[in-house]
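Here are my notes on the model you sent over, point by point. Have the structure open while you read.

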Amino acid sequence: MSSVTQSGLLSRFGGIVAQQMLYPLIGRVFIHTLGPASFVDLPDTDPRPNTLVTFHAHLLGHPDLPRWLHYTQRSPSQPGFLYGTPTLEDRGQQIIEVIAYNRESFETTRNRLVLLVGEPEGPSLPYEAEFLVQSHDVEEVLPSPIGQRFLTALGGLWVPGELQLLNITSALDRGGRVPLPIEGRKEGVYIQVGSASPFSTCLKVVGSPASHDRCTQGQPPLLSCYDSFVPHFKVDWCNVSLVDKSVPALPGPVPTWGDGILEHDPYFCPPTEAPDRDFLTDALITLLVPLLVALLLTLILAYIMCCRREGVLKRNLATSDIQMVHHSTIHGNTEELRQMAANRSVPRPLSTLPMFNVRTGEQLPPCSDIAQVPLILDQH
């Protein structure tokens, strides 16, 4: 956990900038609550706890947060949380800039959190256990009372008084899915706990390969003790992982640097010398063979299209006289119609004139009401 040791207010035009000094510890969970009271300048007599405020946090000079730090806020009416576990690579000073947006007055306030990541005090915690809590979301576990209640419940299975929270991770960040909108369904949260005492027999049985094999077969896991998390927490005992760092891992063999030449291998015998090769023949074959095939196909197609024509005379001799007379008659009538159309002095046909009598060919008088004349006149 972290504690605020120093806070100062710097006045500047356009709002109030607050600066806080925080001390996260390497390998320990860091939780900082972002509430409207620390950002919005409100009188003490009117705290207005229901002020709608959202936050945006980023590393000073960068668009995002450091890789070990996360931010979550369920709704503008609830507080936000900065949480995470720093590592050895994150040692030193990091400045986090947090901008608060007041959704009622549309005002913004900027705060700076100076994080001084240092080494933890006390004994090391080589025994680490991680649990998947399905009954809570991550922002429900981040407040200190909920985390302490989890440690108290875990004390019934492990040695109490020596447990510390190492990390808290949302199940969504570990590949989980958003649950259906059903009452009582939560996203889930992974809680990692460390201790200087060895694992209890109950935890060893739960984390044994036999218990994991039962889970893969759809059977309940092996639990040799009473579940002390009930009814406050619902733990998925098939997702319990135990890590023992008390025994240092043996270092692997130190690689020896060779001369860069591969040893003799009967399956891989590269040639020592590459003779000169002439690729002119290969290039000619690659280019000329397709060209010759294309030329041959072109000649065959030209012979079929040009040299195999039957001709007009052979067509006329093979056609019957009646068909030829019929064709000539149609051709002659077509030419005659074209000549008549070209001669504009020919009077227009009666069919193109205005309304006329189909039997006598007389036109209707201009004064007659055309709307009263039937389309087909009576024939007498």
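**Notes on the model**

1. Let's start inside. Phe131 touches Phe150, Leu154, Val189, Tyr190, Ile191, Leu203, Val235, Trp237, Asn239 and Val240, leaving aside residues up to four places away in sequence. Keep in mind that this is a predicted model.

2. Phe131 belongs to the largest nonpolar core, which has 32 residues. Along with Phe131, the members that touch the most other members are Trp158, Ile168, Val193 and Phe229. Among the elements that each supply at least two residues of this core are strand S9 (127-133), helix H2 (144-154), strand S10 (164-170), strand S11 (189-195) and strand S12 (235-244). Strand S6 (80-84), helix H1 (138-141) and helix H3 (201-206) also each supply at least two. The core draws at least three residues from each of domain 1 (15-121) and domain 2 (123-248).

3. There is also a second, separate core, with 17 residues. Ile26, Leu34, Phe55 and Ala57 are included in it.

4. Val193 sits in strand S11. Is Val193 buried or exposed? It counts as buried because its relative accessible area is 0%, and the cut-off for buried is under 20%. Val193 touches Tyr127, Glu128, Ala129, Phe150, Leu151, Leu154, Trp158, Leu163, Gln164, Leu165 and Leu166, again not counting residues up to four places away in sequence. One of these, Phe150, is 43 residues from Val193 in sequence, and the two C-alpha atoms are 9.9 Å apart in space.

5. Gln94 is a polar residue to check. You'll find Gln94 in strand S7 (residues 92-102). With a relative accessible area of 13%, Gln94 falls under the 20% limit and is therefore buried. What does the side chain of Gln94 make a polar contact with? The partner is the side chain of Trp68, at 3.1 Å. Beyond residues up to four places away in sequence, Gln94 touches Leu59, Pro66, Trp68, Leu113, Val114 and Leu115.

6. Two backbone details deserve a look. The peptide bond from Val230 to Pro231 is cis, with omega near 5°, and Pro231 is in the loop between helix H4 (209-216) and S12. The other is Phe106, where phi is near 60°, a positive value in a residue other than glycine. Phe106 lies in the loop between S7 and strand S8 (108-117). Phe106 is classed as exposed because its relative accessible area is 71%, and exposed means over 50%.

7. On to the stretch at 283-306. The UniProt record, an unreviewed entry, annotates residues 283-306 as "transmembrane region". In the model, the chain over residues 283-306 is 100% helix and 0% strand. The C-alpha atoms at the ends of that stretch are 35 Å apart.

8. Finally, the overall numbers. The protein has 380 residues, and buried residues make up 28% of them. Its secondary structure comes to 7 helices and 12 strands. Taking contacts between residues at least 6 apart in sequence, 65% join residues at least 24 apart.

Key: Residues numbered from 1 in each chain as written. Predicted model: local features only at pLDDT ≥ 70, side-chain atom pairs only at ≥ 80, totals over all residues. Heavy atoms only, no water. Helix = DSSP H or I, 4+ residues; strand = E, 2+ residues; numbered from the N terminus. Buried < 20%, exposed > 50% of the residue type's maximum accessible area, 1.4 Å probe, protein only. Polar contact = N/O pair within 3.5 Å; in protein donor to acceptor, adjacent residues only side chain to side chain. Contact = heavy atoms within 4.5 Å. Core = buried A, V, L, I, M, F, W, Y, C linked by side-chain atoms within 4.5 Å. Domains from an automatic or database assignment. UniProt positions renumbered as here; feature names shortened; annotations may be inferred.
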